[in-house]
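Open the structure in your viewer and keep the selection panel at hand. The tour starts with the whole chain and then stops at single elements.

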Amino acid sequence: MKAKIGDVAKLAKVSRTTVSRVLNNRGYISNTTREKVQKAMNDLNYFPNDVARSLFNKRSNLIGIILPTTSNPFFGELTFHLENICDSRGYKVLLCNSLNQIDKEEKYLEMLLRNQVDGIIVGTHNQGILDYHKQNLAIVAIDRYLSETVPIVSSDNYKGGTIAVDLLISEGCEHVVLIDGVGELETPARLRRKAYIDVMLKNGKKPIIYEIPEMFNRQSQQDVISTIFQEYPEVDGVFATNDLVAASFITEAKKRGKEVPGEIKVVGYDGTETAQTLFPGLTTIQQPINLIAKKAIDVLCKQMDGEFNNLQLETRLPIKLLRGTTT
């Protein structure tokens with residue numbers, strides 16, 4: 001039978017209150033008493049009830065994370081860092097992959113609230129979360145604008161886009177194409193597109209943008225890439241707003257007998273460890289994913305401690321050009 005707190009108290013010859021104080025590190029407990037309680041717990045193979053402890057401490061020590069998909073290298077690496085940092089601070093993580101589906105986001109949000117999470121990190125466009133933010137629920141967005149009151153953490157997307165397109169033009173590209181997701185939603189990542197347009201116009205060149213309807217769908221990516229070769233065969237430069245699309249373009253270009261970087265130069269965006277391992281020659285703009293995760297959790301912890309005023313509402317972290325053999 002599963003051991004209970006009363007069994008621990010009986011074996012340790014202390015009160016249930018004393019066991020509870022040891023578990024929750026409340027009040028003065030002598031080292032001798034603490035050791036007796038710990039030994040009794042070990043002998044009985046007793047594990048504390050986290051739900052009961054959360055009610056006592058008024059904290060669940062749970063952090064909810066809602067992301068589009070961890071199968072994407074950027075979000076996978078981001079999740080890795082978020083979980084590690086949360087663990088080092090005594091928090092457990094409830095991870096939700098929404099696939100950018102509104103109904104799934106709503107269900108996940110309800111689930112997180114039922115589990116009384118202390119805070120939520122959001123990497124999707126969950127607008128329903130705003131009602132709960134008004135109730136002082138700690139929320140931080142990563143690369144998403146949710147409202148003027150929800151803090152957001154991202155890389156310096158505009159500078160990254162500027163560096164990418166400047167590089168392609170400096171290498172002699174005359175017909176540079178941008179491959180991006182659908183541009184309806186206003187997000188910090190859209191600043192990569194704005195940078196592309198600004199740099200192209202500044203250099204007297206016409207911006208050519210191709211949008212992938214389902215950015216995380218490989219077939220959707222492939223369809224758009226094929227369309228580029230059919231409609232714009234003179235393309236000699238590509239800025240893809242993530243590394244997977246950049247790699248897919250290079251693969252298709254080689255299938256069509258195009259030399260990279262001889263005939264077409266390509267720059268991606270993200271610079272994850274996965275992309276660097278699988279496509280070591282890819283020129284890309286590297287995001288500081290570890291710093292993004294750390295900053296998001298720093299801001300979230302301040303909110304969980306009741307600091308909702310005087311928070312920095314937007315943080316843009318520095319990017320870095322990783323020059324490879326595709327330019």
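Here are the stops, from the whole chain to single residues.

This is a predicted model: local features need pLDDT of at least 70, side-chain atom pairs count only at pLDDT 80 or more, and totals for chains, interfaces and linings use all residues. Numbering runs from 1 along each chain as its sequence is written, and side-chain values use heavy atoms, leaving out hydrogens and water.

**Whole chain**

Show the protein chain as a cartoon. It has 13 helices and 12 strands. These are DSSP runs, numbered from the N terminus: H or I of at least four residues for helices, E of at least two for strands. The radius of gyration is 25 Å, well over the 20 Å of the globule rule for 327 residues, so the chain is more spread out than a compact globule. That radius is taken over C-alpha atoms, and the rule is 2.2 Å times the number of residues to the power 0.38. Along its principal axes, the C-alpha trace spans about 85 × 40 × 35 Å.

Now colour by burial. Of the 327 residues, 50% count as buried. Buried means under 20% relative accessible area, exposed over 50%, partly exposed in between (1.4 Å probe, protein chains only).

Among contacts with a separation of 6 or more, 67% join residues 24 or more positions apart.

**Helix α8**

Select residues 157-170. Buried residues of α8 include Asn157, Gly160, Gly161, Val165 and Leu168. Step just past α8 to glycine 172: its phi is positive, about 95 degrees.

**Backbone stops**

Most residues other than glycine have a negative phi, and most peptide bonds are trans.

- Select asparagine 61, in the loop between α4 (50-57) and β1 (62-67). Its phi is positive, near 55 degrees. Asparagine 61 is partly exposed, with a relative accessible area of 33%.
- Go to glutamine 116, in the loop between α6 (102-114) and β3 (119-122). Glutamine 116 is not a glycine, yet its phi is positive at about 55 degrees.
- Finish at proline 261, in the loop between α11 (243-255) and β9 (265-270). The peptide bond from valine 260 to proline 261 is cis, with omega near 15 degrees.

Terms used: Contact = heavy atoms within 4.5 Å.
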